[in-house]
Amino acid sequence: MSKFLSGELDEIEPVYDPKRGYRYETVETFVEEPPKAEAFLDELYEAGILTRELYDEVVFCPKCNSVCISIRYCCPHCKSFNIKKSCLIEHVKCGYMDVEENFRRGDGLICQKCHDELRKPDVDYRRAGTWCTCKECSKSFDIPVVKLFCRDCHEEFTFEEISIRNVYRYALREEARKEAAEGWVLIPSVSEFLSENGFEVKSAAYLKGKSGANHMFDIVASKKENTKFVTVIDLATSADKAVTEQPVIALFAKIYDVSPNAAYLIAIPRLNDNARKMAELYNIQAVEGKDQKEAIESLKEKITRTK
Ligand SMILES: [Zn+2]
Ligand SMILES: [Zn+2]
Ligand SMILES: [Zn+2]
């Protein structure tokens, strides 16, 4: 997210690796295993954080899953891929049609029927499609049969047998960019304010709960003179009118397990009514502000009051 926001990353484009297929190298650095990069991006797409656009398709071998697949154009009669592909040419003036090799005389093209020279394409002659000849059975045809050959396990497959997967290029959704940008500037300024006011600050930080699970908070602060007094802060922004109950519920689930001394939810621009009621019920201090300046002012007021 910070790479997107700093402009370091504009979009996440797959890079082709001849052995493993498409890879998302920028993402591989922060997922546990490289093959999970794609699943991770898909999750972010499903969650509405990223947008995606079809980039390419990957063909897999149905037997060994390899992506090293070559396309074979085969003779429809004997199925051999030992074919010769030629261009069909028509002499416009006399209507004679044949494959290009039969017109070729040195560098030029001469009609075999009327012996005129074919000079200008689309005027003297036109290309009338392709014509293939099988070098095995000598039969001719215009449309070859497509087969796929796995370069790893050396099996040959028909189009019906192979599996195809879409590969996407991802970008940050504009609404997500706005929401994240708020947080990106807000978290450091909140952390700074807390440090100046005698807190030890960590962001983002994990706290272990009674259940044994680790929970992440945007900011975890503890008073320097009393390190046992722990304050957790989460941030929720909304590009729409108000932040919903969802981040309130998420924060409640974490504090229920972690039991900090104080919990704040910074909501920009504000919480909706239901979310505000819920926060009160759950003992979460709602800090609202239409922008980060207002939010910090409001947090200052609340924190100094609890001192
Ligand atoms: Zn053939
Ligand atoms: Zn001719
Ligand atoms: Zn294979």
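This is a predicted model: local features need pLDDT of at least 70, side-chain atom pairs count only at pLDDT 80 or more; totals for chains, interfaces and linings use all residues.
1. For reference, the ideal angle for four tetrahedral donors is 109.5 degrees.

2. C78 sits in the loop between β5 (69-74) and β6 (83-91). C137 sits in the loop between β11 (125-134) and β12 (140-141). The pair therefore ties together parts 59 residues apart in sequence. C78 is partly exposed, at 34% relative accessibility. C137 is also partly exposed, at 27%.

3. **Zinc ion (ligand 2): donors.** Here the coordinating atoms are H91 (ND1), C94 (SG), C111 (SG) and C114 (SG), at 2.0 to 2.4 Å. The sequence pattern reads H-x2-C-x16-C-x2-C. C94 belongs to the loop between β6 and β7 (97-99), and C111 to the loop between β9 (108-110) and β10 (117-118). This pair links distant parts of the chain, 17 residues apart.

4. C94 is partly exposed, with 24% relative accessibility. C111 is buried because its relative accessibility is 0%, under the 20% cut-off.

5. **Largest pocket.** Its volume is about 1,100 Å³. The lining comprises 35 residues, and M1, I49, A180, D218 and L235 are the closest to the centre. At least two lining residues come from each of α1 (2-5), α4 (174-196), β20 (230-237) and α5 (246-258). Helix α4 gives the largest share, eight residues. By class, the lining of the largest pocket has 19 nonpolar, eight polar and eight charged residues.

6. **Second largest pocket.** This one has a volume of about 340 Å³. Of its 18 lining residues, R20, G21, Y22, E38 and R165 are the closest to the centre. Elements β3 (21-23), α3 (36-46), β4 (50-60) and β15 (163-172) each supply at least two. Strand β3 provides the largest share, three residues. The lining of the second largest pocket divides into nine nonpolar, three polar and six charged residues.

Methods. Residues are numbered from 1 along each chain as its sequence is written. Chains are lettered from A and ligands numbered from 1 in the order in which they are written. Side-chain values use heavy atoms; hydrogens and water are left out. Helices (H or I, at least four residues) and strands (E, at least two) are DSSP runs, numbered from the N terminus. Buried means under 20% relative accessible area, exposed over 50%, partly exposed in between (1.4 Å probe, protein chains only). Donors are N, O and S atoms within 2.8 Å of the metal (3.2 Å for Na, K and Ca); water is not among the atoms, so sites may look incomplete. On a 1 Å grid over the protein atoms alone, a cavity is a set of points where a 1.4 Å probe fits but cannot get out, and a pocket is an open set with protein on both sides within 12 Å along at least five of seven lines; lining residues have an atom within 4 Å of a point. Grid points are joined across faces, edges and corners, and a volume is the space filled by probe spheres set on the points. Ala, Val, Leu, Ile, Met, Phe, Trp, Tyr, Cys and Pro count as nonpolar, Asp, Glu, Lys and Arg as charged, and the others, Gly among them, as polar.
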